[in-house]
Amino acid sequence: MRRIATLVYQKSGIALRDGKRALVVARLQKRLRHQGFASFAEYLTFVERDRSGDELTAVLDAITTNHTSFFREIDHFAFLGTQIVPELLSRPGARPIAGWSGACSTGEEVYSIAATLLDHMPATHHGRVRLLASDLSTAALRTARSGVYDLGRVAQVSRVTLQRYFERGLDEQEGLVRLKAQMRQLIQFRHLNLIDVDHLGVTFDFIFCRNVMMYFDRAARQCVVSMLERHLAPGGYLFVSHSEGLSEIDHRMRWCAPGVYRCAGA
C-alpha cells in the first residue's frame with residue numbers, strides 16, 4: 001500500500017490515506033487479472049518499469065473518482081451567468097471569452113459552463129466562446145469528448161436546457177442523449193495532470209477547479225492553486241468547490257462568494 005500511495009502521489013498529487021486500502025485493492029485487482037499478475041508487488045514492479053506510461057495511466061484511471069453531475073453547486077453557474085458574463089461582454093473589442101474546466105471528469109461541468117455562457121449572451125457572441133476541459137483520467141475524457149450520457153444523468157436538467165442543447169438517441173441509441181454539435185465544438189479536451197502543468201501559454205477569464213483538491217495534501221494544493229492563479233487573466237475568477245476553501249493557501253486573490261475568488265487587476 002505504501003508503494004502504491006507513493007507512486008500515485010508522485011504522479012498525480014492525490015494523497016491515498018490508510019482508510020482507502022479496500023478501495024484501492026478493489027479497483028486495482030482488475031488490472032492485476034488483466035495483465036496476468038499474481039501479486040500487487042509484481043504488478044507494481046511492472047508499472048514502475050513501463051516506460052510507455054500506459055499502465056501508470058491505467059492505474060490513475062482506476063484510482064481517481066469521477067463523481068460529477070450537470071450544474072453541480074448551481075450557485076456557481078448563476079454567478080458565472082449573471083456576474084461574469086456581463087463583465088466580459090462589456091469589454092472593448094471582441095476578445096474571446098476563455099474558460100478552463102481543470103478537472104472536467106466525464107464532461108458534465110464543462111457542458112454546464114457552455115450552456116450557461118450561451119444562455120446569457122446574444123447569439124452573435126457565441127462564436128467568441130473558447131473552453132478548455134482537462135482531466136487526469138483518460139477514461140473520463142473519452143466520455144466527455146463523446147458528449148453522450150444515459151437519460152438518468154440528465155434527469156435534473158431543465159426541459160428548456162435539454163431541448164436547446166441535447167439531442168435524444170433513437171433506435172439502438174434509445175435511452176441516451178448527446179450534446180449538440182454546437183456545444184461540443186466550443187470545447188477543446190486535453191489530458192493534463194494539474195501537478196505537472198507549468199504554463200499552457202494562455203490565460204483564462206475564469207477557471208473551474210472543483211472537487212479535486214480535496215484529494216491533495218497541503219503542498220499539492222499550494223502547487224495547483226499557484227499554477228491556476230498564473231493562468232488567470234487580470235480580474236479573472238477561480239471557482240473551487242464549497243468544501244475547498246483557500247484559507248490555508250498562499251495566494252493574491254480576493255474572496256467574492258462561496259468557492260469563488262478573483263484575481264487582482266480588475
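What follows is a working chat about the predicted model shown above.

Colleague: What should I know before reading it?
Modeller: This is a predicted model, in which local features need pLDDT of at least 70 and side-chain atom pairs count only at pLDDT 80 or more, while totals for chains, interfaces and linings use all residues. Residues are numbered from 1 along each chain as its sequence is written, and side-chain values use heavy atoms, with hydrogens and water left out.

Colleague: How many helices and strands are in the chain?
Modeller: The chain has 10 helices and 10 strands, taken as DSSP runs numbered from the N terminus (helices are H or I, at least four residues; strands are E, at least two). Its radius of gyration is 20 Å, close to the 18 Å from the globule rule for 266 residues, so the chain is as compact as a globular protein of that length; the radius is taken over C-alpha atoms, and the rule is 2.2 Å times the number of residues to the power 0.38.

Colleague: Which helix holds Glu-109, and is this residue buried or exposed?
Modeller: Glu-109 lies in helix H6, residues 108-119, and is buried, with a relative accessible area of 5%, where buried means under 20%, exposed over 50% and partly exposed in between (1.4 Å probe, protein chains only).

Colleague: What is Glu-109 in contact with, leaving aside neighbours within four places in sequence?
Modeller: With those set aside, Glu-109 is in contact (heavy atoms within 4.5 Å) with Phe-77, Ser-101, Ala-103, Phe-208 and Arg-210.

Colleague: And what share of the chain's residues is buried?
Modeller: Buried residues make up 48% of the 266 in the chain.
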